[in-house]
Amino acid sequence: MGMVFYPFMTMELLMNLLRRWLCPVRCLMLLLVLCCAAAAAKPPSPLPAETRQTRFLALSDIHFDPFVSCGYTKPCPLIEKLRRAPSVQWAGIFAEFDTHPAKYGEDTNYPLLTSALAASRHAAEKSGAKFVMVLGDSLGHNFRSDYKKYSGDTSYSGFQAFTLKTFEFLTAQLVAAFPNLNIYIAVGNNDSYRGDYVTQPGGSFFRDVSLLWSRLLSEPADRKTMRAQFPRAGYYAVTLSGQRDLRLIILNTNLFSSKAKGQGISQAARAELDWLHEQLLQAKNRGQHVLVAMHIPEGVDVYATLRTRLIRLISLWKNEYIQRFQAELSQFAPQISGIFAGHLHSDWFQVLTFPNGHEVPVTGVPSISPVYGNNPGFKIYSYSNATLQIADYTTYYFPLNGGQSWLREYDFKRTYAQNCHQCPVVDGMNRLRPRGILADYYKSYYALQTKSQPITTQWNPYYWCAIHHVKPEDYMQCLN
């Protein structure tokens with residue numbers, strides 16, 4: 001007669017059966033096996049609620065340049081082939097014609113694009129990222145003039161068709177890299193049918209792109225929302241899939257830029273800020289927190305200001321919009337978990353402090369493009385599931401000067417807040433001082449291990465003051 005085990009068998013019953021049917025030695029051996037099996041089968045204890053985090057990937061300033069391999073050849077055979085082929089065939093054409101390694105001083109070519117997407121996909125999968133942000137400037141610099149130069153086609157219709165196919169190609173590349181993730185994209189100042197910083201509210205560019213980018217959202221309701229909102233002037237808002245208490249607001253801050261061009265942009269900028277107010281108010285009433293994504297951040301353009309030899313202060317936004325945006329943030333700061341921006345091609349952060357004592361962290365995502373001498377980079381962020389505050393981020397980069405692979409550059413928490421395991425990132429940001437080891441880290445990470453930016457020689461007070469002051473008058477007072 002054999003011994004039968006049942007799922008509901010108690011330890012006492014098991015011992016009695018063992019004593020009856022087995023000798024003591026065999027009993028001990030069997031007990032050891034059963035205990036090991038039980039330990040192996042026991043599920044791991046869940047993490048405490050306050051330590052659970054959700055991660056997401058952020059990319060910015062891809063600046064894909066299909067003309068970079070053309071050199072001095074005009075017309076360029078690559079561009080001729082691209083013009084004739086549908087966008088679904090572009091990858092094969094690039095693989096044949098665009099093969100040289102990426103260089104400092106150039107925008108993103110095909111090898112760098114595929115390398116960046118492969119590395120960010122690996123990082124996203126390894127970290128368990130739940131979604132992707134792309135913070136603007138998909139197209140390379142001088143896109144329209146380069147198209148004319150290398151195609152010989154001066155027609156607007158030809159340029160528009162080529163630009164749309166470029167967006168189709170890039171969208172397909174993103175889908176291939178992140179097939180199971182929602183991808184939320186902001187429009188950059190180079191993303192246009194009309195030229196750099198030119199916006200046409202309600203124009204064909206926003207209509208065409210809304211159809212493309214809405215396919216990157218898995219929820220039918222989100223696709224419908226984007227197709228309804230984005231064509232106005234390139235902004236939209238959705239509740240994150242699987243996170244009903246967290247809302248993502250994607251702004252078109254090109255409208256607020258001091259370089260903005262186009263008809264009706266002032267009215268469009270004010271309408272966007274009115275819409276932003278309504279979105280923040282709705283989030284507050286629904287008990288939601290908010291992530292705000294944009295391309296051009298507010299604040300002082302330190303790099304451009306230093307190039308004027310401090311003759312004049314250059315702001316990234318017009319002062320009217322800075323004042324209004326700051327007022328909105330002050331009113332709704334408790335709901336805002338973080339602000340994410342690109343445009344500066346560097347790794348930076350700000351702390352916005354308001355009279356009510358609330359603070360909002362702003363973080364910059366480095367560019368994929370190395371056109372300004374920086375190494376390419378991207379970030380993996382995390383936020384606390386309990387507080388919905390940004391908890392940490394990791395920056396990855398690719399050293400173009402001899403590097404063979406993408407590297408993990410640093411973790412924010414381990415660098416700026418080593419002894420504070422459950423602190424939001426704003427606590428670590430507040431530990432930074434004008435001098436000391438953290439300042440040295442900040443300067444080193446800013447241009448991703450290059451000295452391509454003047455921060456290495458003019459950190460204090462110019463870059464330091466920009467961390468805490470976005471209004472021109474406050475920044476000048478800090479300098480003085």
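Me: What volume does the largest cavity have?
Reply: Keep in mind that this is a predicted model. Rolling a probe the size of a water molecule over the atoms shows where empty space is left. Counting cavities of 30 Å³ or more, the structure holds five. The largest cavity has a volume of about 110 Å³.

Me: Which residues are the closest to the centre of the largest cavity?
Reply: There are 17 residues lining that cavity. Sorted by class, they come out as nine polar, six nonpolar and two charged. The ones closest to the centre are Ser192, Val198, Thr199, Gln200 and Phe205.

Me: Which helix gives the most to the lining of the largest cavity?
Reply: Look at residues 204-213, which form a helix.

Me: How much space lies in the second largest cavity?
Reply: Its lining includes Ile62, Val134, Phe167, Ile185 and Trp213. The space inside comes to about 70 Å³.

Me: Which element gives the largest share of the lining of the second largest cavity?
Reply: Two elements give two or more residues to this lining, α5 (110-127) and α7 (156-177). The largest share is four residues. Those come from α7.

Me: How many residues in the lining of the second largest cavity are charged?
Reply: Nine of the lining residues are nonpolar, and two are polar. Leu113, Leu117 and Leu174 are among the residues in this lining, as are Ser138 and Thr171. As for charged residues, the count is no charged ones: none.

Key
Residues numbered from 1 in each chain as written. Predicted model: local features only at pLDDT ≥ 70, side-chain atom pairs only at ≥ 80, totals over all residues. Heavy atoms only, no water. 1 Å grid on protein atoms, 1.4 Å probe; cavity = no way out; pocket = protein on both sides within 12 Å on 5 of 7 lines; lining within 4 Å. Points joined across faces, edges and corners; volume = space filled by probe spheres on them. Nonpolar A, V, L, I, M, F, W, Y, C, P; charged D, E, K, R; others polar.
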